[in-house]
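Please read the sequence and the coordinates side by side, and let the paragraphs that follow lead from one part of the fold to the next.

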Amino acid sequence: LQGRSSRARSFRELPGRVHVPVRRFEHGELDQVADELGLDFQARGRSRHCRIEMITEHRTLSFQITHGRPTRQENSIVEETPQDPDRPFLLHEGQTTYRPQQVDLVIYDPRTGHLKVQGRDATTMQQYARAFGQLLFRDPDWFRVGQVISLGPLAELGALALRPTPGIRSV
């Protein structure tokens, strides 16, 4: 996949309703999903641009989703070439505004019926689950998106949070 980095990716695995074969879909349907996700990204301060590349490997369907993140502004040194070649380059301080690129990954494994979703935030992951449920099964609610499990009680109570759990002696 393009854009791979050495940084470990964190995926959220979402089970499907039942384990059934994926329906065949046209390439135009994938473009439509990209357009709809682009509108969602734009509404949340990201760019309208969204491109989805599908890769079939190791019996899975992988979707690489490229889109823009919110704009950033940084102080910079701007170099200008003077019109007179005998004058030195002109340097001045300024600001550069740009939109970083984000590449997310969604993987459907037909052996388990699960969708693995990697995105920057919970809203994006929920949008991916709905979009790919619609694309693969014509049902936006196909994949169960529950609440992320909280480790808050463990952090607050330590071993007391697990005391009633059989088989766990210490934390």
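How many aromatic pairs does the count come to? In this model, which is predicted, the count comes to six aromatic pairs. One of them joins Phe 63 and Phe 132 in a tilted arrangement, with 4.6 Å from centre to centre and 40° between the planes. Because Phe 63 belongs to strand β3 and Phe 132 to helix α2, this pair ties together parts of the protein that are 69 residues apart in sequence. Phe 63 has a relative accessibility of 0% and therefore counts as buried, and Phe 132, also at 0% relative accessibility, counts as buried as well. Another pair is made by Phe 137 and Phe 143, whose ring centres are 6.0 Å apart and whose planes stand at 70°, an angle that falls over the limit of 60 degrees, so this pair is edge-to-face.

The protein contains three helices and seven strands, and from the N terminus on its elements follow the order β-α-β-β-β-β-β-β-α-α. Five of the strands form an open sheet in the order β1-β7-β6-β3-β2, with antiparallel pairing. Its edge strands are β1, residues 12-15, and β2, residues 50-57, each of which pairs on one side only. On average, neighbouring strands of this sheet are turned by 20° against each other, with direction ignored. Within the sheet, strand β3 (residues 60-68) runs antiparallel to strand β6 (residues 101-109), and eight bridges join the two; for Gln 64, the bridge partner in β6 is Leu 105.

Two helices pack on this sheet. Helix α1, made of residues 27-43, touches β2 and β3, and its direction makes about 135° with that of β2.

In soluble globular proteins, nonpolar side chains tend to be buried together. Here the largest nonpolar core holds 26 residues, of which Ile 52, Phe 63 and Phe 132 touch the most other members. Two or more residues of this core come from each of the elements α1, β2, β3, β6, β7 and α2, and the largest share, eight residues, is given by α2. When residues up to four places away in sequence are not counted, Phe 132 touches Ile 52, Phe 63, Ile 65, Val 106, Leu 115, Phe 137 and Phe 143. That list includes Phe 63, with which Phe 132 forms the tilted aromatic pair, and it also includes both partners of the edge-to-face pair, Phe 137 and Phe 143.

Some totals complete the picture. Of the 171 residues of the protein, 32% count as buried. Among contacts with a separation of 6 or more, 58% are accounted for by residues 24 or more positions apart. The protein exposes about 11700 Å², and carbon and sulfur atoms supply 50% of that area.

Methods
Residues are numbered from 1 along each chain as its sequence is written. This is a predicted model: local features need pLDDT of at least 70, side-chain atom pairs count only at pLDDT 80 or more; totals for chains, interfaces and linings use all residues. Side-chain values use heavy atoms; hydrogens and water are left out. Two strands pair if DSSP finds at least two bridges between them. Helices (H or I, at least four residues) and strands (E, at least two) are DSSP runs, numbered from the N terminus. Axes are lines fitted to C-alpha atoms, for helices over the stretch in contact, and angles run from 0 to 180 degrees between N-to-C directions. Contact means heavy atoms within 4.5 Å. A nonpolar core is a set of buried Ala, Val, Leu, Ile, Met, Phe, Trp, Tyr and Cys residues joined through side-chain atoms within 4.5 Å. Buried means under 20% relative accessible area, exposed over 50%, partly exposed in between (1.4 Å probe, protein chains only). Rings of Phe, Tyr and Trp (its six-membered ring) pair if their centres lie within 6.5 Å; planes under 30 degrees apart count as stacked, over 60 as edge-to-face and the rest as tilted. Accessible areas come from the Shrake-Rupley method with a 1.4 Å probe; for residues, only the protein chains shown count as cover.
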